[in-house]
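Hello,

Here is the structure I promised to pass on, with some notes on what turned up in it. Have a look at it first, then read on.

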Amino acid sequence: MSDLQQSDLQQNASGTLPPDYFEKMYAANPDPWDFETSEYEAKKYAATIAALPKAQYRSAFEIGGSIGVLTEKLSSRCQSLLSIDVSQQAQARAKARCQHLPQVKFEVMQVPYEYPTHRFDLTLVSEVGYYWGRDDLPLAQQQIADHLEPGGHLLLVHWTPYVEEYPLTGDEVHEAFLQQVGTTYRTLLSQREERYRLDLLERL
Ligand SMILES: C[S@@+](CC[C@H](N)C(=O)[O-])C[C@H]1O[C@@H](n2cnc3c(N)ncnc32)[C@H](O)[C@@H]1O
């Protein structure tokens, strides 16, 4: 068996949705969640950016940047921004959208199996945590905490209604991070809207 097949099996066993799930989705529809046109997404993106306490971040990390709609908005608040995604197709569109933004870099990467080596002062986890399996969520939490500098911000934003195909709910993701409050983070902001929630944590 090739390494790729072996690692796919491990990922499936963990419950985390594999890259192929997303590649198929983007092949069928280049904007599967209507990020470019949805009024709901536009309002949520405005709330996401408004939640950031600092005017500028030195080095930000976006997990699951998709086709780059939120990436582009976030970039004005970052001296440098690394946006990663498991989908090559999505990232190709993000790169095209952000080509006028030299501070934005892209890499295809699957968290938590892969993670950048350096530390950030902002990590954005928007609409991606519920794709991790139950066993991978703690690994992702560890990677995120290990690569966030003291005083750095972790912004979590997730859809809360149940989705059958997703390994976790948005609430399960947020509650897991909130359990680290007191030891790893302090809470700066918690906001619950009709269909999503937003939590902003600061690394201790
Ligand atoms: C629903 S979109 C969210 C896009 C954007 N963050 C937003 O809030 O609009 C989720 C994206 O995460 C990517 N993704 C899913 N699991 C991932 C993982 N384990 N590591 C990195 N990216 C992942 C998918 O390919 C998809 O593009």
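A word on elements before the notes: helices (H or I, at least four residues) and strands (E, at least two) are DSSP runs, numbered from the N terminus. Residues are numbered from 1 along each chain as its sequence is written. Please keep in mind that this is a predicted model, where local features need pLDDT of at least 70 and side-chain atom pairs count only at pLDDT 80 or more, while totals for chains, interfaces and linings use all residues.

Let me start with a loop. Asn29 sits between α2 and α3 (39–50). Is Asn29 buried or exposed? It counts as exposed, because it has 9 C-beta neighbours inside 10 Å (the cut-offs, for C-beta atoms placed from the backbone: 20 or more others within 10 Å is buried, 12 or fewer is exposed, and in between is partly exposed). From Asn29 to Tyr130 the separation is 101 residues in sequence and 21 Å in space, C-alpha to C-alpha.

Now the chain as a whole. It has seven helices and seven strands, in the order α-α-α-β-α-β-α-β-β-α-β-α-β-β. Of its 204 residues, 36% count as buried. The C-alpha atoms fill a box of roughly 45 × 40 × 35 Å along the principal axes.

Leaving out residues up to four places away in sequence, Ile63 touches Ile84, Val111, Thr123, Leu124, Val125 and Val128 (contact means C-beta atoms, placed from the backbone, within 7 Å).

Helix α5 (residues 88–97) is worth a look too. Ala90, Gln91 and Ala94 are buried there. Down the axis of α5, its buried residues fall within an arc of 95°, so they line one face of the helix (the arc is that of the directions from the helix axis to the C-beta atoms). They pack against α2 (19–28), α4 (69–75), β2 (81–85) and β3 (104–108), whereas the face of α5 turned away from the buried side carries the exposed Gln88 and Ala96.

Finally, the ligand: 20 residues surround it, with Phe22, Gly64, Ser66, Ser126 and Glu127 the closest (near means a C-beta atom, placed from the backbone, within 6 Å).

Best wishes

Terms used
Contact = placed C-beta atoms within 7 Å.
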